[in-house]
Amino acid sequence: MASESSFDIVSKVDRQEVDNALNQAAKEVSQRFDFKNTDAKIAWSGETIEMQAVSEERVKAVLDVFQTKLIRRGVSLKALDAGDPRQSGKLWKITATTKQGIKTEDAKKISKLIRDEGPKGVKAQIQGEELRVSSKSRDDLQAVQKLINEQDYDFAVQFVNYR
């Protein structure tokens, strides 16, 4: 009898990669000519990321630089939740957070997709903010990964603990 193989579906962001992208964006914003005299800044504010500049389009440009750095570092933009620009005194600000974990209703959607469209004999269990998928066949598990990657969810998914 073959043992069961499994993997976990998670939605996690590597905080170090986000920090590196933020530091690269801050350096670029401080050096670029089009950001001179705009008080453009990007920095951590607790668990959130604060961007600011003197005009709405400049603060959006700071966000664009940050998103470009995230993509280059392999962080999905689906994991970034950026708010709308808002005026705070003379400055415009954008607050962004990173999304971690899969919500229960999203995990149920994935589980239903695996049951309905996935190979037979594949089981999915919700375990907190992650989903454990198991099967006797590794080929079936790879088919499930392909099926999930083809879906367009509004959160980033990664596959971990493949055994």
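This is a predicted model: local features need pLDDT of at least 70, side-chain atom pairs count only at pLDDT 80 or more; totals for chains, interfaces and linings use all residues.
## Buried or exposed: a first term

A residue counts as buried when its relative accessible area is under 20%, as exposed when it is over 50%, and as partly exposed in between, using a 1.4 Å probe and protein chains only. By that rule, S135 is buried, because its relative accessibility is 2%.

Residues are numbered from 1 along each chain as its sequence is written, and side-chain values use heavy atoms, with hydrogens and water left out.

## The chain as a whole

Let's start with the overall layout. The protein chain has four helices and nine strands; here helices (H or I, at least four residues) and strands (E, at least two) are DSSP runs, numbered from the N terminus. Their order along the sequence is β-α-β-β-α-β-β-β-α-β-β-α-β. With a radius of gyration of 20 Å, well over the 15 Å that the globule rule gives for 163 residues, the protein chain is more spread out than a compact globule. That radius is taken over C-alpha atoms, and the globule rule is 2.2 Å times the number of residues to the power 0.38. Along the principal axes, the C-alpha atoms of the protein chain fill a box of roughly 70 × 25 × 25 Å.

Of the 163 residues in the protein chain, 37% count as buried. The protein chain exposes about 9500 Å², and carbon and sulfur atoms supply 46% of that area; accessible areas come from the Shrake-Rupley method with a 1.4 Å probe, and for residues only the protein chains shown count as cover. A contact means heavy atoms within 4.5 Å. Among contacts between residues at least 6 apart in sequence, 61% join residues at least 24 apart.

The protein chain carries 28 positive and 26 negative charges, whose mean positions are 2 Å apart. Lys and Arg count as positive and Asp and Glu as negative, with His and the chain ends not counted; each charge is placed at NZ of Lys, CZ of Arg, CG of Asp or CD of Glu.

S134 counts as buried because its relative accessibility is 9%. Leaving aside neighbours within four places in sequence, S134 is in contact with E4, S5, S6, G121, V122, K123 and L141. With one of these, E4, the side chain of S134 makes a side-chain polar contact of 3.4 Å. A polar contact is a pair of N or O atoms within 3.5 Å; within protein, one must be able to donate a hydrogen and the other to accept it, and residues adjacent in sequence count only if both atoms are side-chain atoms.

S135, leaving aside neighbours within four places in sequence, is in contact with E4, S5, G121, V122, D140 and L141.

K69 sits in helix α2, which covers residues 56-72. At 11% relative accessibility, K69 counts as buried. Beyond neighbours within four places in sequence, K69 is in contact with A21, Q24, A25 and E28. The side chains of K69 and E28 are joined by a polar contact of 2.9 Å.

L91 belongs to strand β6 (residues 91-98) and, at 19% relative accessibility, counts as buried. Not counting residues up to four places away in sequence, L91 touches D39, Q52, A53, V54 and R86. L91 and E56 are 35 residues apart in sequence and 8.5 Å apart in space, C-alpha to C-alpha.

## Positive phi angles

Most residues other than glycine have a negative phi. N37, which is not a glycine, has a positive phi of about 60 degrees. N37 is in the loop between α1 (15-31) and β2 (41-45), and at 79% relative accessibility it counts as exposed.

N161 also has a positive phi, near 55 degrees. N161 lies in the segment after β9 (158-160) and counts as partly exposed, at 40% relative accessibility.
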